[in-house]
Amino acid sequence: MEHKFPTSLEVIDICLLAGKIMLQCGAETYRVEDTMSRMAATFGIPHSHSYVTPTGIIFSVDGTEPAKLIRISERTTDLYKVTLVNGVSRKAASGELTSQQAYIRLKEIEEADFTFPIYQQIIAAAIASGCFMLMFLGQWSDFIPAVICGGIGFTSFVYLHRVVQIKFFSEFLASLIIGLTAFLFIESGIGAQLDKIIIGSVMPLVPGLLITNAVRDLMAGHLVSGLSKGAEAFLTAFAIGTGIAVIFAFYS
């Protein structure tokens, strides 16, 4: 397919849209910058400049066009969308997609919703809690309590986050509920190992992808993004630990 190179403004719009989708869906900072620069080179602009942080993207091309900024206010985890954007970038580089087709495809990816229904997420979190409890050498008799605690905790986090927009407080309250539920199981004689039940139940709340991306960004030299993601992961861990500590303080 013959390439028809778009204008600089069109290239900027395409690259910013691709970067926005990737950053919102949990991609690493260096991967976002690399994808944007590759797409710009594909569409006839080999020299482009981007600056990506977890909360914003600045992109410019060599020439007379001014730089553009996109603010990122919401971030989630959807690696399938990241894969789709990478697929669009590869197809554009191989000549299978024109700039207009790539932009339309990116818009479709942005508007698509690939997230699983809430009830499936809750079931998965509950089962994962029980499995994590076993992985940390817990007893089989605590499997059901861990499943219930993990399911209740994740449900609390999802719905509390809709009411309390600050993620720290929703994570704190969810871990508080997990700790309280686990203590109720132990007091009623259903559970045996309190620590194992709590550890397994809070695992669905742990920001594993965020910690991984923080380390990878630091290793790639993106110090601002790496440190900011690390700080966000630390706040999440602090919220979870504080919620459990409050329960231990009252019931120990």
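Trainee: Is Gly-150 buried or exposed?

Mentor: This is a predicted model, where local features need pLDDT of at least 70, side-chain atom pairs count only at pLDDT 80 or more, and totals for chains, interfaces and linings use all residues. Numbering runs from 1 along each chain as its sequence is written, and side-chain values use heavy atoms, leaving out hydrogens and water. Buried means under 20% relative accessible area, exposed over 50% and partly exposed in between, with a 1.4 Å probe and protein chains only. Gly-150 has a relative accessible area of 1%, so the class is buried.

Trainee: Where does Gly-150 sit, and which residues does it touch?

Mentor: Its place is in helix 6, residues 143–163; helices here are DSSP runs of H or I with at least four residues, strands are E runs of at least two, and both are numbered from the N terminus. The C-alpha atom of Gly-150 is 8.7 Å from that of Ile-197, 47 residues away along the chain. Contact means heavy atoms within 4.5 Å. Leaving out residues up to four places away in sequence, Gly-150 touches Ala-126, Ser-129 and Ser-201.

Trainee: How far apart are the end C-alpha atoms of helix 10, and what span should its 29 residues have?

Mentor: The expected span is 1.5 Å times one less than the number of residues. For the 29 residues of helix 10, 223–251, that should come to 42 Å, and the distance between the end C-alpha atoms agrees, being 42 Å.

Trainee: What covers the buried residues of helix 10?

Mentor: The buried residues include Ser-225, Lys-229, Ala-233, Ile-240 and Ile-247. Their cover includes helix 2 (29–42), strand 1 (48–53), helix 7 (167–187), helix 8 (194–202) and helix 9 (208–219).

Trainee: Which residue forms a salt bridge with Glu-28?

Mentor: Glu-28 lies in the loop between helix 1 (8–24) and helix 2, and it is buried at 6% relative accessible area. Its contacts, not counting residues up to four places away in sequence, are Asn-213, Arg-216, Asp-217 and Lys-229. A salt bridge needs a side-chain nitrogen of Lys or Arg within 4 Å of a carboxyl oxygen of Asp or Glu. At 2.7 Å, N to O, the side chain meeting Glu-28 in a salt bridge is that of Arg-216.

Trainee: How many residues apart in sequence are the parts that this pair ties together?

Mentor: The structure has eleven salt bridges by that rule. Arg-216 is in helix 9 and Glu-28 in the loop between helix 1 and helix 2, so the parts tied together are apart in sequence by 188 residues.

Trainee: And what is the N to O distance between Arg-75 and Glu-232?

Mentor: Both are partly exposed, Arg-75 at 38% and Glu-232 at 24%. They form a salt bridge, and the closest N and O atoms are apart by 3.2 Å.

Trainee: In which helix are Arg-105 and Glu-108?

Mentor: Their side chains meet in a salt bridge at 3.4 Å, N to O. The two are three residues apart, about one helical turn, and their helix (residues 99–111) is helix 4.

Trainee: Last one: what accessible area does the nonpolar surface patch with Leu-69 have?

Mentor: Patches take residues with over 30% relative accessible area and no salt bridge, joining like charges within 9 Å and nonpolar side chains (Val, Leu, Ile, Met, Phe, Trp, Tyr) within 5 Å; areas are Shrake-Rupley with a 1.4 Å probe, and for residues only the protein chains shown count as cover. Leu-69 is found in strand 3, residues 68–71, and is exposed at 62%. Together with Tyr-51, Ile-58 and Val-224, Leu-69 forms a patch with an accessible area of about 400 Å².
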